[in-house]
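Take a moment to look over the chain before reading on. Then follow the text from the whole to its parts.

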Amino acid sequence: MVEIKNQQLTREGCGKDVRHFEFEALSSGIKYQVGDALEVLPGQNPAAIDAFIRRCNLNPDSLITVHPGGTEIFSPDSSKKTSKAPVKLKSFVELAMDISSASPRRYFFEVLSFFATAEHEKERLQYFASPEGRDDLYEYNQKEHRTVLEVLEDFPSAQMPFEWLVQLVPPLKTRAFSISSSPSAHPNQVHLTVNVVSWNTPFKRKRTGLCSTWLAGLNPQDRVYLPVWFLKGSLPPPPPSLPLLLIGPGTGCAPFCGFVEERAIQCAIGSTGPVLFFFGCRNEEMDFLYRDLWLSHAQRGGVLSEDKGGGFFVAFSRDQLQKVYVQHKMQEESQKVWSLLSAGASIYVAGSSTKMPTDVQSCLEEIVMKESGVSKEASVRWLRALEKAGKYHVEAWS
């Protein structure tokens, strides 16, 4: 797939950078459903790749073959047969070895100590690999999110052979994102809503998310090819007649873009169930993601409109002195929530895995208890029965 749109959704100065990306398939026939996810293999910084190759004294143009037993340098006149086609060493590092974002494991330091020729480096590496050095290794490595390249640069006398590097450098992993589009509304396209991750370590070193930063840096005019795979999501696509209670603060709204677009198309050709959507963000003017989309569908006749039995409610947590979250808005609309649940609605929750899913569940327990007049234990059992019936779905990420 190639990127065709890279749009910042949040305003400058709001403290976060959330992007809307659109990708187009190179050939027709892509298949996915609303609620599915897209796995993306991120690119790595070319300067970091070159620095790694220089630091390890590698020949970027060497041809290598990789198999379960290890790695070998390939020469054209070699008589050894292999079922794997040789690849350039630089290409293998770029696509398979995470040298610029993942931290190495303890065993990496132990093996690296065998190749260190400077005595002080050898001693420090051995200490990091020992039980006594475990806490200091954690402070140096994991807490600071030290990368493989940074560790190698900190111990310049250690020349680990490539055969060992292949085995000990963490593999470059794909990143999964909830798809924020409907294939019916956007044929041959996939949309993503991505928070561009950045943070400071305890020693004030700036770190960034590998995949989100790479995606944000792409220029759609360059039409960069992205290796992607479709994944079955944890939010199953609902039938048109099913009433929906959607709760998705922040980037948790991503899958519900697709849900609402799909329901709008279904509504145009037949009867559909009502949709209640609770969204949350910090400020109305700074990070109200997809504002126009939601408000257009909340107008008369839209799938989120009151005349269709639905509704759209937003919690702006920091636009007033007292913080307001989605669960507070749900409490305010408890009658509508209970009416929808009584009509057989399915619950879909998406967003941060910190406190939000638990807070939303507690809020739903209180609403069931208040509106139906049952005990706390009975409301817990009622929601648990919804889960067992496959009508309470949560997709949360850290």
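This is a predicted model: local features need pLDDT of at least 70, side-chain atom pairs count only at pLDDT 80 or more; totals for chains, interfaces and linings use all residues.

Residues are numbered from 1 along each chain as its sequence is written, and side-chain values use heavy atoms, with hydrogens and water left out.

Start with the whole. The chain has 398 residues, and 48% of them count as buried; buried means under 20% relative accessible area with a 1.4 Å probe, protein chains only. The C-alpha atoms fill a box of roughly 75 × 50 × 40 Å along the principal axes. There are 14 helices and 16 strands. These are DSSP runs, numbered from the N terminus: helices are H or I with at least four residues, strands are E with at least two.

Now consider contacts, meaning heavy atoms within 4.5 Å. Take those between residues at least 6 apart in sequence: 74% of them join residues at least 24 apart.

Next, the cores. A nonpolar core is a set of buried Ala, Val, Leu, Ile, Met, Phe, Trp, Tyr and Cys residues joined through side-chain atoms within 4.5 Å. The largest one has 34 residues, and Phe52, Met97, Phe108 and Leu112 are among those with the most contacts inside it. Several helices each supply at least two residues of this core, including helix 1 (46–55), helix 3 (106–115) and helix 7 (162–168). Helix 1 gives the largest share, 5 residues. What does Leu112 touch, not counting residues up to four places away in sequence? Its partners are Leu125, Val151, Leu152, Phe155, Ala158 and Met160. Apart from this core lies another, of 28 residues, with Leu9, Val18, Leu242 and Phe288 among them.

Leu9 turns up again at a pocket. The second largest pocket holds about 350 Å³ of space. On a 1 Å grid over the protein atoms alone, a pocket is an open set of points with protein on both sides within 12 Å along at least five of seven lines, and lining residues have an atom within 4 Å of a point. Its lining has 21 residues; Leu9, Leu289, Tyr290, Arg291 and Asp292 lie nearest the centre. Helix 10 supplies the largest share of that lining, 3 residues.

Conventions: Buried means under 20% relative accessible area, exposed over 50%, partly exposed in between (1.4 Å probe, protein chains only). On a 1 Å grid over the protein atoms alone, a cavity is a set of points where a 1.4 Å probe fits but cannot get out, and a pocket is an open set with protein on both sides within 12 Å along at least five of seven lines; lining residues have an atom within 4 Å of a point. Grid points are joined across faces, edges and corners, and a volume is the space filled by probe spheres set on the points.
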